Amino acid sequence: MSLILHLLQLRFAVLSPIKQLPHYHGPQWSALFRHLLRESSTNSPGPADASVLVQPIETGITEYQPGEFISLGIAFEHTHAPAIQQLLSGFNSLAGSGKGHFQPGVTVRLESSISRRTSASWAASDSPLDQTDLEPEIEELCRLDHFSIATISPLRLPRPPEEKTSGHEYCDADFFLVATGNNPAAHLLRRLADRQSIDFECGLAVVGGYLTWHDISYGAGAERTTFGGAVGMLEIKGPPTRREAEWLVRGQYCGVGKNRAFGLGFYRIPQLDAARRILPLSRSTTLFSRAVADQNLATALAALPDSAPGPDRMPVSDARAAGTPLLRSIRDHALAGPASGPVALLGHGIPKPLGGQRTIYLQNVKERILHRAFANELAPSLDGLLSNSAYAYRRGLSRHNAAATLQRLLAEGYEQGLKADIASFFDSVDVPDLWSGSTRPSR
């Protein structure tokens with residue numbers, strides 16, 4: 001895709017419940033736009049054949065309720081601006097034209113289309129993104145000798161042919177973070193300039209970071225497909241040349257690698273945020289705002305067991321008696337941002353059967369309510385990322401489910417299995433270190 005792009009942020013109102021969304025929504029949004037563009041296209045080549053890229057940003061939300069809103073980014077080439085404007089202007093009248101989770105006029109209603117270049121309502125007559133819009137970011141990146149690449153969506157980047165092996169056809173943590181014969185930063189630049197013969201000097205090097213692999217499945221039945229990409233952050237040692245900086249900045253808006261139509265391969269360079277002229281994509285609905293909603297906090301308090309109080313000596317029964325005023329103070333405290341001071345913890349030693357003791361830490365009841373509220377909101381999303389073979393500490397699963405699965409697999413002819421665990425996991429976690437700025441717990 002060229003740099004002559006329009007970048008939009010769309011905002012949708014939710015009209016009816018949307019449930020059972022996967023962790024990443026790219027295939028669902030892509031299917032909707034491809035279908036609508038294909039139906040509306042009378043040109044050759046039509047906009048359905050253009051690289052109209054969706055950029056889902058509300059990853060992790062597995063359902064929406066009426067009254068909520070959804071934000072979505074899309075990018076497309078300037079030549080297709082009139083067709084896209086026609087589609088967006090008539091979007092809400094297309095009831096019955098879509099299927100799946102996102103259906104015009106049925107589950108979602110388009111509220112606004114904002115140009116990320118001008119921060120105003122978009123029209124096809126607007127000028128597209130050009131080099132001058134990116135110049136402040138390019139100049140700033142040229143001045144840096146250390147910067148980060150943070151994925152916004154999974155990065156599905158094919159490995160160099162000589163480094164492809166079974167199960168490792170794409171760039172993962174092993175490729176980027178383990179020394180190999182190739183320079184990972186150079187390979188990324190070459191893929192950014194795909195199909196263009198550019199010889200990068202590439203004095204850049206990946207010097208750290210963290211990556212995990214995220215699998216995405218879409219479709220149903222025999223047509224169900226799974227693909228994935230690397231998610232995380234890479235630390236790059238520089239400085240880049242002018243040409244390298246140009247391509248790295250461009251890649252934030254064009255993406256890199258395969259399956260970009262599903263929104264894969266988009267990233268940002270956080271150190272350029274202050275220089276950025278392009279409006280960042282922002283969520284309309286967040287897991288955080290849901291977690292601290294009144295009803296979610298009330299549900300968390302109702303489910304809290306009557307365990308021993310923390311350092312402030314407030315029992316759970318007193319918290320229940322305090323009711324709504326206490327919950328609203330917890331909400332306001334969470335919305336104010338991270339605590340500036342240490343978080344109090346109360347430690348208790350529990351004797352072990354074979355000698356020694358295990359220390360457990362008790363938090364104040366307010367922190368426990370907040371943690372339960374966040375766990376309630378995060379669990380459905382995180383559950384979708386776990387292996388089907390993982391049964392521990394998952395809602396709706398138990399040792400009985402695991403035993404039944406083992407019996408079924410044995411009946412199917414499997415003879416070997418692997419049990420994996422982390423020895424003394426809870427003993428090895430330094431709980432106070434999980435709390436930024438916390439002091440050692442009182443005894």
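User: Is D273 buried, partly exposed or exposed, and what is its relative accessibility?

Analyst: A residue is called buried under 20% relative accessible area, exposed over 50%, and partly exposed in between (1.4 Å probe, protein chains only). D273 has a relative accessibility of 36%, so it counts as partly exposed. Please note that this is a predicted model, in which local features need pLDDT of at least 70, side-chain atom pairs count only at pLDDT 80 or more, and totals for chains, interfaces and linings use all residues. Residues are numbered from 1 along each chain as its sequence is written, and side-chain values use heavy atoms, with hydrogens and water left out.

User: With which residue does D273 form a salt bridge?

Analyst: A salt bridge is a side-chain nitrogen of Lys or Arg within 4 Å of a carboxyl oxygen of Asp or Glu. Here D273 is joined to R276, and the closest N and O atoms lie 2.6 Å apart. R276 is buried, at a relative accessible area of 17%. Both residues also belong to a network of salt bridges that links E137, R268, D273 and R276.

User: How many salt bridges are there in the whole structure?

Analyst: A search of the whole structure finds 17. One of them connects E246 with R242, the closest N and O atoms being 2.9 Å apart.

User: Where do E246 and R242 stand in the chain?

Analyst: Helices (H or I, at least four residues) and strands (E, at least two) are DSSP runs, numbered from the N terminus. Because E246 and R242 are four residues apart in helix α6 (residues 242–254), about one helical turn separates them. E246 is partly exposed, with a relative accessible area of 22%, and R242 is partly exposed at 37% relative accessibility.

User: Which parts of the chain does the salt bridge between R331 and D294 link?

Analyst: The closest N and O atoms of R331 and D294 are 3.2 Å apart. This pair links distant parts of the chain, 37 residues apart: R331 lies in helix α10 (residues 324–335) and D294 in helix α8 (residues 294–303). R331 is partly exposed, with a relative accessible area of 22%; D294 is partly exposed, with 36%.

User: In which sense do strands β9 and β10 pair?

Analyst: Two strands pair if DSSP finds at least two bridges between them. Strand β9 (residues 346–351) and strand β10 (residues 357–362) pair in the antiparallel sense, over six bridges. For example, P351 has Q357 in β10 as its bridge partner. The two strands, β9 and β10, form a hairpin with five residues between them, and G355 in the turn has a positive phi of about 105°.
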